[in-house]
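The sequence and structure are shown here.

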Amino acid sequence: MISRLSFTIAVATLATMPLASIAQTVDTPGVTSPLTEAQIARAYPQDALTGAAVDGPVLLKSKGGMSLRVVKLAEGLSHPDGLVFLPDGRSMLITERPGRLRVVTDGVLDPVPVAGLPALNNVGLGGLHDIVLHPDFANNQLLYISYTKDREPQTGTTLAVFRARFDQGRLSDVEDILVADAWESPLGTYGGRMVFGPDGMLYISVGDRDGTTSSDQSSARPQAQNLNNHIGTILRVRADGSVPPDNPFVNDPNAKDEIYSYGHRNVYGIDWDPKTGDMWASEFGPAGGDEINRVIPGHNYGWPLVSLGRHYSGSLVSDQPWHRDGMDDPLFFWNPPFNPENMFFYTGDKFPRLKGSLMVAGAGSKTVAQMVIRGDFIKQGDTMLNELNLRFRDIRQGPNGYIYVLTEGRLRGPKDTDGMLLRLEPPALAVAPSVSSTAMTNSMTLPEAPGREQTMEACTRCHGIDLTLAQRRSPDEWMQVVSVMVGNGMALTDADYTTIVSYLSENLSDLTASPH
């Protein structure tokens, strides 16, 4: 195991490691020396209530013109990080980072936290992270929570996952099924996103654990390229924490068997495309370089040898910021930063224009984004909720097809209570006035049918879409095409959006025209 006090970088790595990342000995707060009062004060800032409060239901419009009704279900939460829906159809469980598990039933937050949590470290970004239910929770009442674990004497913290039985508002039979080999500074990041995959396996992200982000040198950062630890990885285990025999590195004596993919910085969102079965992950970059990756078992995603971001000091992370052989490039990256948190593919029927899209919560950007995926091409479509001035930590689709988000006002503070649980609903559709035909042109001939005027108006304002109007497309594909047009700046009312998608779906097969 590589010492966290003084490590030597292998000669093979020296050939490719950026000079700024190379160090023989690095002072790591909380590992090589105790945390100072100033470091603790930064991790525990004074209590603050920030962000716009959502009192009664609020009617908003997305940047693309989609109407939203935002309903507050719970408030007074402290950095809520993970959310699950219980099979009774009435209740939800929410993790609060400082170390509380909360229950919301019929939209009412139980003031008494769930009892039975293990001891944890909540300095900085430590504490409780994500929560998932066992696939057979209805019968066994088992759940899993990722959290920050201490090690004595003071040699850092790591990410761990415990399994417990949830019964009558209490946890019992609590046991760790995974303690990541990612011991580093308590000031570092942890990841901790968990998802049960379609294969029944539990996937867990482990952050880059970097507690020296203001420095160009780090004891943790280079370890994301070393397979003999869990830093900067996505792990894959069975429900009891054991290793599946088909994991990509089980036959490598120099690698941790749990590793599914590596070279990640901080993965905070994981989901599978229900149409293709592909696994996707959102990844926090440093100062810039936020990514979306299609995750393939055994692949290396480059951190920190490849990154489009900069250290917080302002220097480049990598002297090859885009590509190195043997490492996967991101299929999408944000500039300026987005700070992607959790994400999911929307499959409900409450928001037709979002169906099939990847919905991503943004923390520092204070935005929720719709991402449209077509093969290897990803386009940011619509964005929403920026008016609330809130950081979005988690986003989920409920059993009813509504969208639920967890918010916070600021990044740190274990006693802040400005976090909320919000539900996004479509308002009752109002009859929208017809789009004026004054902007129509005769550049294309479209069949006469309801929706022709709106479609002509939309086409003449849309540029740069790789769409051939002569091509036959399914209704779902047309939804995605129009969503991309919205992402390019075209604002539509809900009624016009539905009209245009219906028109294209019903009338396109006989249409012959050039691309626009």
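## Pairing of S24 and S25

In this predicted model, strand S24, which covers residues 403-408, pairs in the antiparallel sense with strand S25, residues 419-425, over five bridges. Within this pairing, Tyr404 has Arg423 in S25 as its bridge partner.

## The five-stranded sheet

S24 and S25 belong to an open sheet of five strands, whose order is S1-S2-S25-S24-S23 and whose pairing is antiparallel. Strand S1 (58-61) and strand S23 (391-397) stand at the edges of this sheet, and because each has a single partner strand, one side of each is left without a neighbour in the sheet. From one strand to the next, the twist averages 30 degrees.

## Strand S7 and its partner S8

Strand S7, formed by residues 128-133, has six of its six residues buried, so this strand is largely enclosed by the rest of the structure. S7 pairs with strand S8 (residues 142-150) in the antiparallel sense, over four bridges, and Leu133 stands opposite Leu143 in S8.

Arg324 is found in the loop that lies between strand S17 (291-295) and strand S18 (332-333). Its relative accessible area is 8%, and because buried means under 20%, Arg324 counts as buried.

Two contacts can be described for the side chain of Arg324: a polar contact of 2.8 Å joins this side chain to that of Asp319, while a polar atom of the Arg324 side chain lies 2.9 Å from the backbone oxygen of Leu305.

Key:
Residues numbered from 1 in each chain as written. Predicted model: local features only at pLDDT ≥ 70, side-chain atom pairs only at ≥ 80, totals over all residues. Heavy atoms only, no water. Buried < 20%, exposed > 50% of the residue type's maximum accessible area, 1.4 Å probe, protein only. Helix = DSSP H or I, 4+ residues; strand = E, 2+ residues; numbered from the N terminus. Pairing = 2+ DSSP bridges. Axes fitted to C-alpha atoms, helices over the stretch in contact; angles between N-to-C directions. Polar contact = N/O pair within 3.5 Å; in protein donor to acceptor, adjacent residues only side chain to side chain.
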